[in-house]
Amino acid sequence: QQLPPPQSFQLLQRELAEAYEVQSIKLDARVPDNIDVLVLAGPAGFDAKAAENVDQFVMRGGALVLFGGRFRPALGDRENLDKLTTGLEDLLGKWGIKVSDELVVDTKNESFLRPEQQQLANGIVVQELVQQPYGLFPRLTDDQLASSSIITSGLPGVVIAFGSPVSAEAKVGDDARQVEELLRSSGESW
């Protein structure tokens, strides 16, 4: 059986649909006026027209939630990651946001099950699942999340898989932009 792409976010869509009206839209045209919040989960390969439609939606006062990074697991390959281009890099740069081409590695992390083969003295090969810490899954506890934000308050923690450093620049004056940090990896991350 073929597995769905790693960026399908079907569970997120089902969970949101329990409390909100959820619509799938295409970004090759203007975002409809009845959309209040645009959630882009795992965007990749957007063309200039799609990026422009996202920009226009935000400029009209729409809210944007972006679950995006620079890396994702390579399909069918447990050991490697694919580097992505979302097509939104220039737009995010215009807004003062930069997603680094690096990965965050943290000693405070989540573990995962990894198959490991072991050859016994009698020549029999046994495969077992071993739980191993994995630095590319930083585990953030409640003290690393902004308690003043409705987005992160009340969360006991979060695990970020294959996360990249994000920086955002605040501006003052006519082009005012407020930046609020919602989460931060531990002091032992790099």
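**Charge pairs, aromatic contacts and surface residues**

Aspartate 33 is exposed, its relative accessible area being 58%, where buried denotes under 20% relative accessible area, exposed over 50% and partly exposed the range in between (1.4 Å probe, protein chains only). The structure is a predicted model, in which local features need pLDDT of at least 70 and side-chain atom pairs count only at pLDDT 80 or more, whereas totals for chains, interfaces and linings use all residues. Residues are numbered from 1 along each chain as its sequence is written, and side-chain values use heavy atoms, with hydrogens and water left out.

Eight salt bridges are present in the structure, a salt bridge being a side-chain nitrogen of Lys or Arg within 4 Å of a carboxyl oxygen of Asp or Glu. In one of them, aspartate 33 is paired with arginine 60, and the closest N and O atoms of the two residues are 3.7 Å apart. This pair joins distant parts of the chain, 27 residues apart, since aspartate 33 belongs to the loop between helix H1 (10-17) and strand E1 (37-41), and arginine 60 to the loop between helix H2 (48-59) and strand E2 (63-67); helices (H or I, at least four residues) and strands (E, at least two) are DSSP runs numbered from the N terminus. Arginine 60 is partly exposed, with a relative accessibility of 34%.

A salt bridge is also formed between lysine 94 and aspartate 55, with 2.5 Å between the closest N and O atoms. Because lysine 94 is located in helix H3 (residues 89-94) and aspartate 55 in helix H2, the pair ties together parts of the chain that are 39 residues apart in sequence. Lysine 94 is partly exposed at 44% relative accessibility, whereas aspartate 55, at 8%, is buried.

Lysine 83 and aspartate 101 form a further salt bridge, in which the closest N and O atoms are 3.5 Å apart. Lysine 83 is part of strand E4 (residues 81-83) and aspartate 101 is part of the loop between strand E5 (97-99) and strand E6 (109-119), so that parts 18 residues apart in sequence are tied together by this pair. The relative accessibility of lysine 83 is 51%, and this residue is therefore counted as exposed, while aspartate 101 is partly exposed at 41%. Both residues belong to a network of salt bridges that links Arg70, Lys83, Glu89 and Asp101.

Aromatic contacts were assigned to rings of Phe, Tyr and Trp (its six-membered ring) with centres within 6.5 Å, planes under 30 degrees apart counting as stacked, over 60 as edge-to-face and the rest as tilted. By this rule, five aromatic pairs are counted. The rings of tyrosine 134 and phenylalanine 162 have a centre distance of 6.3 Å and planes at 80°, so this pair is edge-to-face. Since tyrosine 134 is found in strand E7 (residues 125-141) and phenylalanine 162 in the loop between strand E8 (157-159) and strand E9 (166-168), the pair ties together parts 28 residues apart in sequence. Tyrosine 134 is partly exposed, with a relative accessible area of 23%, but phenylalanine 162 is buried at 11%.

The rings of phenylalanine 137 and phenylalanine 162 are likewise classed as edge-to-face, because their centres are 5.2 Å apart and their planes lie at 75°. Here, too, distant parts of the chain are linked, phenylalanine 137 in strand E7 and phenylalanine 162 in the loop between E8 and E9 being 25 residues apart. Both phenylalanine 137 and phenylalanine 162 are buried, and together with Phe112 and Tyr134 they make up one aromatic cluster.

On the surface, a nonpolar patch is formed by Val37, Val39, Val65 and Phe67, whose accessible area together is about 290 Å². E1 and E2 are the elements that contribute two or more residues to this patch. Patches consist of residues with over 30% relative accessible area and no salt bridge, like charges being joined within 9 Å and nonpolar side chains (Val, Leu, Ile, Met, Phe, Trp, Tyr) within 5 Å; accessible areas come from the Shrake-Rupley method with a 1.4 Å probe, and for residues only the protein chains shown count as cover. Phenylalanine 67 is placed in strand E2 and is partly exposed at 40% relative accessibility.

Serine 186, in the segment after E9, is buried, with a relative accessible area of 15%. Its side chain makes a polar contact of 2.5 Å with the side chain of aspartate 106, a polar contact being a pair of N or O atoms within 3.5 Å, of which, within protein, one must be able to donate a hydrogen and the other to accept it, residues adjacent in sequence counting only if both atoms are side-chain atoms.
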